[in-house]
Amino acid sequence: MIALIVLILAVSLCLWYIIKYHLWTIRVSNMTSNIPGPKPLPIIGNASIFADMKTLQDVYETITSLLDKYGNADGIAKVWLGPKPWILLGNPKYIEIILSSPDALQKEEVYDRLGLFVNGLFVRNGRDWRELRKPLDKLLTKKMIDSNIGMFHEKTVKLLKILNKYTNTRNEFDLRHYMTNLAIDFISVTTFGHDMNMIEKDENNLKETLERIFETIVKLVFETPYNMWLTYAKISIPGRRLKELAKIYWRFCNELLQGRLRNKKLLGEDIDAVPIYYSDVLIEKATKDKLSLDERGKLATDFLIAGFDTSAVTLSYVLFILAMFSEHQEAVYQEQIDILGEDPEVAPTWEQLSKMEYLTRIIKEVMRLYCPLGIFRKLTNDIDLGDYKLPKGIAINLMFYKLHTNPKIWSHPNEFYPDHFLPEEMANRPKGSYLPFSLGPRSCPGSVYAMISIKTAVSAAIRRYKFETDMKFEKLEYKYNFLLEPAEAYSVRISERKTNC
């Protein structure tokens, strides 16, 4: 009798869920009927379009072609993956509405696969996210950033002395390796309160590990059957491989957190004092939730990656592109000499960094071309875009790279053109056209930090060395990671500048 009751309840629950989901699908279909897109098939929708996808590049190029074909007029299109529709957005007006809305703060379920690797600020939602974000906003202040300019400069000068070995041989080397070490040192000192000294150790394999992790996550997101059942994805061969790779980051993050605890003890700081570094927030959270060592590392990993990887990519690209465009490199160099003089040992001040207008345009143009490809959100309530209505529960793909290379918005969309950021060019663009750090409550909190640290590093580097490369911008081929990166390497040669010092 009990078994029969349980069976009836289970069947009733399944029927209730099916009916509820069917009614939601009907509502979504009606509300989005005016959004263009390919005609879906019963049950599978447009999933067959993505059936043979193996790489992120395949997926991105397919999604872009769909937006070009169906959403060219308004920058909005719809594609059905099974019974679930996705909205593709490349229109700055609509993107701004979504990112500014309190009803679009939730990350889409696609991030659940990232949750196998990280479990911090980047992937959390609701109260869990706010608990980690609010203290970070309080810590990343102008005062904190300003107080670290000297450290940014000192670390960069130390790295430049290590790079001096390449001036005699004139051999090419990959900037990315060294910029990764530099960016890790920046983030470890400023927000973890423990200097890992990666520049001098020069033992970093975190970049290579991250690339392998990303390849595995792409497999779990886009390949069947891994993308159908999260539980299966965890225990599958790729899932187990992902965990082993992830442990490299978890151990590194635990080393940072333990280093901070040791430093607090040496400095005589109160363990329960107001957080000085973001690591204090993470340690407090881990202690409160009684997390294991792996879970502690997992909690800190996404913040670490967000803090160093994008900065390392941007730094690498800035110097790489200046090596390709000698006229821009010379203009940046002359600006540095006018503001700081020729001596690369001289550290800039906040006021001097704010005067570096040409360098700022260079960095912004790099961030335009090499931004995140896009992000995903899930609506927790209906949102009115004016011409279109988006229902609760729908998935949104905000296509930043498409936005940043839209020929209707940018005068030279696929070229390196720093004058895009002259005042007169900026005045002609609609609001929301440039979003390297996203927008709204879930935007990147480190935008000022990134600009100041990158400017400081490039300023010292360009005053000490002249950068050259045989690579041509228009011939570059790319691989698709969190950001677009060169398929080969950021290969440059350096020579010392002749100064009057």
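Mentor: Two strands are said to pair if DSSP finds at least two bridges between them. Helices (H or I, at least four residues) and strands (E, at least two) are DSSP runs numbered from the N terminus. This is a predicted model, in which local features need pLDDT of at least 70 and side-chain atom pairs count only at pLDDT 80 or more, whereas totals for chains, interfaces and linings use all residues. Residues are numbered from 1 along each chain as its sequence is written, and side-chain values use heavy atoms, with hydrogens and water left out.

Trainee: In what sense do strand 2 and strand 8 pair, and over how many bridges?

Mentor: Strand 2 covers residues 84–89, and within strand 8 Asn397 is the bridge partner of Leu88. The two strands run in the parallel sense, and the number of bridges is 4.

Trainee: Which residue of strand 8 is the bridge partner of Phe376?

Mentor: Strand 5 (residues 375–378) is joined to strand 8 by 4 bridges, and the two run antiparallel. In strand 8, the bridge partner of Phe376 is Asn397.

Trainee: Are the faces of strand 8 covered or uncovered?

Mentor: Buried means under 20% relative accessible area, exposed means over 50%, and partly exposed lies in between (1.4 Å probe, protein chains only). On one side of strand 8 (residues 395–398), Ala395 and Asn397 are buried, and on the other Ile396 and Leu398 are buried. Both faces are therefore, by the definition of buried, covered.

Trainee: How many residues of helix 8 are buried?

Mentor: Helix 8 spans residues 175–190 and has 16 residues. The helix is mostly covered, and the number of its residues that are buried is 15.

Trainee: What distance does helix 8 reach from its first C-alpha to its last?

Mentor: The expected span of a helix is 1.5 Å times one less than its number of residues. For helix 8 the expected value is 22 Å, and the model is close to it, with a reach of 22 Å.

Trainee: At the start of helix 8, which backbone nitrogen does a side-chain oxygen of Asp174 reach?

Mentor: A polar contact is a pair of N or O atoms within 3.5 Å; within protein, one must be able to donate a hydrogen and the other to accept it, and residues adjacent in sequence count only if both atoms are side-chain atoms. The oxygen of Asp174 comes to within 3.1 Å of the backbone nitrogen of Arg176.

Trainee: How far from Cys371 is the nearest cysteine sulfur?

Mentor: A disulfide is a pair of cysteine sulfur atoms within 2.5 Å, and the structure holds 0 disulfides. Cys371 is in no disulfide, and the nearest cysteine sulfur, that of Cys444, lies at 13 Å. As for accessibility, Cys371 is buried, with a relative accessible area of 2%, whereas Cys444 is partly exposed at 36%.

Trainee: Which residues does Cys444 touch, not counting those up to four places away in sequence?

Mentor: Cys444 lies in the loop between helix 19 (423–427) and helix 20 (447–464). An unreviewed UniProt entry lists Cys444 under "binding site"; such annotations may be inferred rather than shown by experiment. With contact taken as heavy atoms within 4.5 Å, Cys444 touches Arg133 and Phe437.

Trainee: What is the phi of Ser438?

Mentor: Ser438 lies in the loop between helix 19 and helix 20 and is buried, with a relative accessible area of 16%. Although Ser438 is not a glycine, its phi is positive, at about 65°.
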